[in-house]
Number of protein chains: 2
Amino acid sequence: MKFKIEKKLKNSLGRAGVLKTAHGDILTPAFVPVGTKATIKALTTEQVLDLGAQVILANTYHLYLQPGSKLIAQMGGLHKFMHWNGPIITDSGGFQVFSLGIAYGKDISKLTKITDPSFLIPERFDDTDAPRLAKIGQDGVSFKSHLDGSIHYITPEKSIQIQHDLGADIIFAFDECTSPSEDLKYQAEALERTHRWAERSLAEHQKLEGGKKQDLKGAQGLALRSPQALFGIVQGGREESLRKKSAKFIGSLNFDGFGIGGSFAKEDMSTAVRWVNEILPEAKPRHLLGIGEPEDLFMGIENGVDLFDCVAPTRQARNGTLYTGKGKINILNKEYRNNFLPIEKNCECYTCKNYSRAYLSHLFHGKEMLAGMLASIHNLYFIVNLVKKIRQSILDENFFEFKEKFLREYLSSYPIDTLE
Amino acid sequence: MKFKIEKKLKNSLGRAGVLKTAHGDILTPAFVPVGTKATIKALTTEQVLDLGAQVILANTYHLYLQPGSKLIAQMGGLHKFMHWNGPIITDSGGFQVFSLGIAYGKDISKLTKITDPSFLIPERFDDTDAPRLAKIGQDGVSFKSHLDGSIHYITPEKSIQIQHDLGADIIFAFDECTSPSEDLKYQAEALERTHRWAERSLAEHQKLEGGKKQDLKGAQGLALRSPQALFGIVQGGREESLRKKSAKFIGSLNFDGFGIGGSFAKEDMSTAVRWVNEILPEAKPRHLLGIGEPEDLFMGIENGVDLFDCVAPTRQARNGTLYTGKGKINILNKEYRNNFLPIEKNCECYTCKNYSRAYLSHLFHGKEMLAGMLASIHNLYFIVNLVKKIRQSILDENFFEFKEKFLREYLSSYPIDTLE
């Protein structure tokens with residue numbers, strides 16, 4: 001994997017670049033649609049490609065449990081299994097283990113439950129109703145499957161092995177994603193674990209990549225055996241000292257790129273991202289995990305983020321919440337029942353070119369599957385192409401004007417505090 | 001609308017032809033996918049076109065209730081509303097009024113409840129859980145909406161007006177679809193009503209078509225104002241005398257084509273279809289309503305049917321039941337979890353060309369929306385293309401060989417009684 005920075009923003013950390021992977025180039029910054037279970041919900045991969053997506057992200061935790069990473073390896077890897085020939089990212093499973101894993105036995109050591117609405121919880125998986133409990137040891141995490149109650153144990157090595165079975169182009173080190181409700185002492189301990197796990201993830205990855213090179217002429221074929229890049233994850237919650245410590249340590253390791261994980265308070269997310277990206281090596285790509293609302297994309301890009309993933313565009317789409325340049329609309333509202341305009345005038349997405357708000361309203365009220373499909377196409381197109389426009393504004397040296405203009409129209413109360 | 005017979009089967013009523021409509025030609029015999037609420041469930045219209053469908057059928061009853069036929073007329077008609085530029089058929093709403101309409105007040109005159117499994121109930125709508133009650137008068141039918149309890153009254157004139165608002169290329173006369181559990185006296189009375197309603201439907205249609213011709217240069221545009229063809233519906237249940245009487249009477253009216261409606265017993269459906277088609281004018285097209293299993297398609301075509309519609313392929317698809325040349329399979333069965341073959345070897349559908357049984361199994365077990373989409377594409381492709389192959393076998397003069405070969409492989413117990 002190679003990363004080339006094409007242009008930098010003046011007086012900020014932002015940049016536009018190109019990330020070369022074994023399955024094609026990603027023009028950065030880029031938004032990465034999430035296909036939790038090896039499917040972008042409600043869409044074929046052709047539809048995902050048509051709406052402009054360059055790369056997708058699948059969830060290691062879900063695919064490990066079902067259908068199983070060994071099965072996917074036998075099929076020739078994730079690209080072939082899900083019929084997507086572009087770049088794929090898998091996360092490490094760490095976030096899901098903590099957010100979905102169900103504790104077993106009596107010794108429950110962690111309960112993530114966040115009630116403070118000012119906290120921004122990354123949206124990185126598309127499931128819902130599972131208690132958030134898992135058991136953490138120094139060596140890894142035990143958890144009960146939310147599907148069948150079976151007990152699993154994931155270590156950094158195991159996470160990397162699973163991700164090598166899946167065969168994504170970019171994979172992540174195994175990390176502990178702490179709750180913002182944990183105290184500083186716990187955050188510091190967890191960060192130490194994440195750092196040890198990062199080293200172990202890297203060692204396992206290098207071992208497997210080495211074996212892969214020897215194996216290049218083997219029978220498994222390119223899909224499974226193509227080189228993979230490993231990103232380390234910076235944690236540290238809202239604590240400046242921990243975030244900086246983590247960026248320094250993770251940034252010093254020989255990763256191909258970096259993820260920024262954990263929960264933030266919406267109002268100081270930009271500060272946390274800046275802390276980290278001022279320290280991380282400039283020449284390597286950075287992925288802000290689970291963040292994807294328009295205002296957060298501008299914030300992240302301005303502060304040096306190259307990749308974003310988030311389930312919000314598709315999850316909201318399935319509920320009838322649609323993005324427009326003037327803010328979100330709920331297509332189920334009565335006013336759209338006989339509105340013959342497209343969701344958004346001049347939008348070039350498949351949905352807007354061919355269907356009216358009235359038809360979408362009809363489909364949503366009729367609980368038709370096509371509703372979620374057409375809405376997902378529009379929302380993903382909106383977000384993917386917003387990031388493409390931001391990229392272009394960096395190249396054209398008018399990022400700040402574009403941001404100002406877009407957010408003034410998009411947010412009814414812009415400028416708002418959380419945007420500085 | 002013009003219908004041209006290209007080739008006839010020797011010693012039977014079967015034929016291959018071309019039906020010219022305002023929105024394109026239909027090569028007959030043809031299978032018509034059902035889009036109850038102006039959407040073939042889970043598919044875009046491009047996907048429906050890609051899988052080989054030439055024409056689709058939408059349900060007047062559903063669209064009248066939601067979003068409303070006037071709204072669709074204002075949008076320029078059903079073609080524009082649902083983004084399908086090929087031929088569209090709408091049924092008269094009669095069948096749905098009887099099967100979905102909920103009776104109001106105390107005077108419930110009809111309760112359709114069929115428990116005898118030998119009866120083949122046409123599958124013409126894709127809803128389920130509504131009591132089957134409505135109130136029938138000589139002039140029309142009153143019913144309560146299954147959506148909001150509102151009370152509606154449909155007469156033959158009203159049904160035709162609604163169908164003119166929807167603007168389909170082929171529309172149907174308003175009929176009463178009787179339950180096979182009704183006695184002969186009731187069947188005879190209902191048939192008389194259907195015949196009076198047929199005359200009134202035809203008169204209303206001719207009036208509206210006449211106005212349309214005067215209006216040709218009006219502002220509404222082609223989509224709404226294009227000529228529509230009206231098919232009359234033959235009823236009469238399982239009774240030979242009634243079926244023949246109905247075919248004779250309906251066949252004598254100036255319809256553009258005919259529908260064959262009502263419930264049959266599976267074992268004598270072919271007899272009932274033959275009774276009717278021996279009487280109906282040979283030069284006009286015939287549509288067997290709500291029937292679409294492979295063995296029934298052969299039966300119908302052999303007995304002079306040109307068009308079929310049925311929700312079975314898509315409804316079964318969403319439950320994981322998939323057609324193959326060797327019979328149906330349930331993709332949720334354990335054996336498919338790690339089966340890397342396509343649903344059917346050599347199948348040219350989008351699903352089989354790109355996805356494995358293992359991936360479909362994974363999607364179904366994960367309750368992913370893509371499961372229903374990919375399965376619907378395969379099942380519709382299977383049925384639509386089976387009818388195309390049957391058509392070709394008529395042109396190639398090897399229909400009976402093809403039927404014998406196909407059914408021997410498809411049905412584990414062929415020849416079986418119901419197929420003669």
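The largest nonpolar core here holds 210 residues, and A:Ile56, A:Leu360, B:Ile56 and B:Leu360 have the most contacts inside it. A nonpolar core means buried Ala, Val, Leu, Ile, Met, Phe, Trp, Tyr and Cys residues joined through C-beta atoms within 7 Å, and buried means 20 or more other C-beta atoms within 10 Å of a residue's own, with C-beta atoms placed from the backbone. This is a predicted model, where local features need pLDDT of at least 70 and side-chain atom pairs count only at pLDDT 80 or more, while totals for chains, interfaces and linings use all residues. Residues are numbered from 1 along each chain as its sequence is written, and chains are lettered from A in the order in which they are written.

**Core**
- Leaving aside residues up to four places away in sequence, B:Ile56 touches B:Val32, B:Pro33, B:Gly35, B:Ile40, B:Val48, B:Trp84 and B:Ile88 (contact: C-beta atoms, placed from the backbone, within 7 Å).

**Strand β4 of chain B**
- From β4 (residues 30-33), B:Ala30 and B:Val32 point one way, B:Phe31 and B:Pro33 point the other, and all are buried.
- β4(B) runs parallel to β16(B) (residues 307-310), joined by 4 bridges; strands pair when DSSP finds at least two.
- B:Ala30 has B:Leu307 as its bridge partner in β16(B).

**Where the chains meet**
- 28 residues of chain A contact 28 of chain B.
- On the chain A side, α4 (78-82), α14 (357-365) and α15 (369-395) each give two or more residues.
- α14(A) gives the most, with 5 residues.

Key. Buried ≥ 20, exposed ≤ 12 C-beta atoms within 10 Å, placed from the backbone. Contact = placed C-beta atoms within 7 Å.
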